Amino acid sequence: MTAPTAPSPTAAGSGANATQSFRSTDKNRGGDTAASPERVDTVVRELLLAVHEVIRRHEVTYPEFQAAKSWMIEVGEGGEWPLFLDVFVEHVVEEVQAATQQGTKGTILGPYYLPGASRLTSPATLPMRDGEKGTPLVFAGQVRDLDGNPVAGAEIDIWQADDDGYYSGFAPHLPEGNLRGLVVADDEGRFEIHTIQPAPYRIPTDGPTGKLIEAAGWHPWRPAHLHLIVSAPAHRAVTTQLYFSGGQWLDSDVAEAVKPELVLDPQDTGDGNSRVEYDFVLERDEATTAA
Ligand code: DHB
Ligand code: FE
C-alpha cells in the first residue's frame, strides 16, 4: 500500500465521529431492546466467567490488569468502542444472526454507516469529487427473491472508502456524502451503480485500538470492500459487504468479515475502467407478509 497523500484523519477524530453516529442512530440498529434479568444473568455471568478463566489460565498479573483498565479508559475517551467492537466482536454476532437468514450472505455493518444518503435512481453515479482517484467501477445486477423472481422496489444503500481508504462523514477532509448513496433499482430489481474501486482500510494506528494491534503484533488492515444494505418492501434486508478478488488482506481481514460468496471479480473493460455484475437474493419477511 502506498501511504495516503491526503491529510491523515486521526483515530480520535474517526472514533469520536463513529461514537456520535452510533448514538444518533442506535434505534435503527435495534440497540434499545431491553433484555430480561434472566438473559442478562446468563450472558453477562458467562462472559465474566470466561474472563476469569483466561486470567487464571494465563496467570494475569496486577500490572497487566491495571494496564488493561487504562487501555479501556482510553478506548472510551477516544470514542473508539465502535471501532474496536465492530472489528473484533461484530463478526460473531453476525454469524449467529446469519444462521437464520437465507439468500445473499450478510456480513458486518461496521462503524461507518450513515443513514439518510442521497436517493439516486438507477443507473446512478455515487456522489464523488471532480477527478475522484481510483479505478472507475460499474457495479450492476438484479435483486431477486429466493424463487428467482425479480423484486420490485428494491433499494441498495451503498457506502465505501475512497482510494486512500477513508470514509466520508468520518475523515474530515472528505466532502459530506462522498461515495455514499441510496440507489433505487428499477421495477425488475435491476440496478447499475457507477463508482470507483475502494482501497483497503487500515484501522487508525494512532489510537488505543491501533496500540493494542501493535502490542499484539497483529496487522490493522481490512481488504478493500463495498458496504451495502439491500432492502425491499416485504423482504428482509441484508447488510453485507463485497470484496475484490486478488485483493490484499482478503485472507487475513482484521475484522474476520470476508465470506467466499462475497468476492467480486471485476473485469477490465479495456479503457482503464472495470465492470462487475452481482445479484442479490432477499428472503421474504414473514413478519410483514403474514396474513
Ligand atoms: C471498521 C472499519 C470498517 O470500514 C469496517 O468495514 C469495519 C470495521 C473499524 O474500524 O472498526
Ligand atoms: Fe468498511
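Guide: Let us begin with a definition: helices are DSSP runs of H or I with at least four residues, strands are runs of E with at least two, and both are numbered from the N terminus. With these names, T269 is placed in the loop between β12 (267-268) and β13 (274-277). Please bear in mind that this is a predicted model.

Visitor: Why is T269 called partly exposed?

Guide: The relative accessibility of T269 is 42%.

Visitor: What separation is found between the C-alpha atoms of T269 and L137?

Guide: These two C-alpha atoms are separated by 9.6 Å, although T269 and L137 are 132 residues apart along the chain. For R144 and E77, which are 67 residues apart along the chain, the C-alpha separation is 44 Å. R144 belongs to strand β3 (residues 136-145).

Visitor: How do you know that R119 and E155 form a salt bridge?

Guide: The test asks for a side-chain nitrogen of Lys or Arg within 4 Å of a carboxyl oxygen of Asp or Glu. Between the side chains of R119 and E155 the distance from N to O is 2.6 Å, so the pair meets the definition. R119 lies in strand β1 and E155 in strand β4 (residues 155-160), and the pair therefore ties together parts that are 36 residues apart in sequence.

Visitor: Are R119 and E155 buried or exposed?

Guide: R119 has a relative accessible area of 54%, which is over 50%, so R119 is exposed. E155 has 18% relative accessibility, which is under 20%, so E155 is buried.

Visitor: What makes the contact between K133 and D163 a salt bridge?

Guide: The N to O distance for K133 and D163 is 3.9 Å, and the limit is within 4 Å, so this pair also qualifies. K133 is in the loop between β2 and β3, and D163 is in the loop between β4 and β5 (180-184), so the bridge ties together parts 30 residues apart in sequence. A search of the whole structure finds 14 salt bridges; one of them joins R129 to E132, with the closest N and O atoms 2.7 Å apart. R129, E132 and D162 are linked in a network of salt bridges.

Visitor: What makes the peptide bond between S122 and P123 worth noting?

Guide: Most peptide bonds are trans. The bond that joins S122 and P123 is cis, with omega about -5°. P123 sits in the loop between β1 (119-121) and β2 (124-125).

Visitor: Which residues make the nonpolar surface patch, and what area does it have?

Guide: The patch is made by V51, I55, V60, Y62 and F65, with an area of about 460 Å². Helices α2 (37-58) and α3 (62-77) each give two or more residues to it. A patch residue needs over 30% relative accessible area; Y62 has 63%, so Y62 passes that limit.

Visitor: What is known of the second largest pocket and its lining?

Guide: This pocket is lined by 13 residues, and V51, V54, I55, A68 and M72 lie nearest its centre. Its volume is about 560 Å³. Helix α2 supplies the largest share of the lining, seven residues. By class, the lining has 10 nonpolar, one polar and two charged residues.

Visitor: How many cavities of 30 Å³ or more are counted?

Guide: The count is one. A space is called a cavity when a 1.4 Å probe fits inside but cannot get out. The largest cavity holds about 110 Å³ of space. It is lined by 14 residues, and V87, G110, P111, Y201 and R222 are the closest to its centre. Helix α4 gives the largest share of this lining, three residues.

Notes:
Residues are numbered from 1 along each chain as its sequence is written. Chains are lettered from A and ligands numbered from 1 in the order in which they are written. This is a predicted model: local features need pLDDT of at least 70, side-chain atom pairs count only at pLDDT 80 or more; totals for chains, interfaces and linings use all residues. Side-chain values use heavy atoms; hydrogens and water are left out. Patches are made of residues with over 30% relative accessible area and no salt bridge: like charges are joined within 9 Å, nonpolar side chains (Val, Leu, Ile, Met, Phe, Trp, Tyr) within 5 Å. Accessible areas come from the Shrake-Rupley method with a 1.4 Å probe; for residues, only the protein chains shown count as cover. Buried means under 20% relative accessible area, exposed over 50%, partly exposed in between (1.4 Å probe, protein chains only). On a 1 Å grid over the protein atoms alone, a cavity is a set of points where a 1.4 Å probe fits but cannot get out, and a pocket is an open set with protein on both sides within 12 Å along at least five of seven lines; lining residues have an atom within 4 Å of a point. Grid points are joined across faces, edges and corners, and a volume is the space filled by probe spheres set on the points. Ala, Val, Leu, Ile, Met, Phe, Trp, Tyr, Cys and Pro count as nonpolar, Asp, Glu, Lys and Arg as charged, and the others, Gly among them, as polar.
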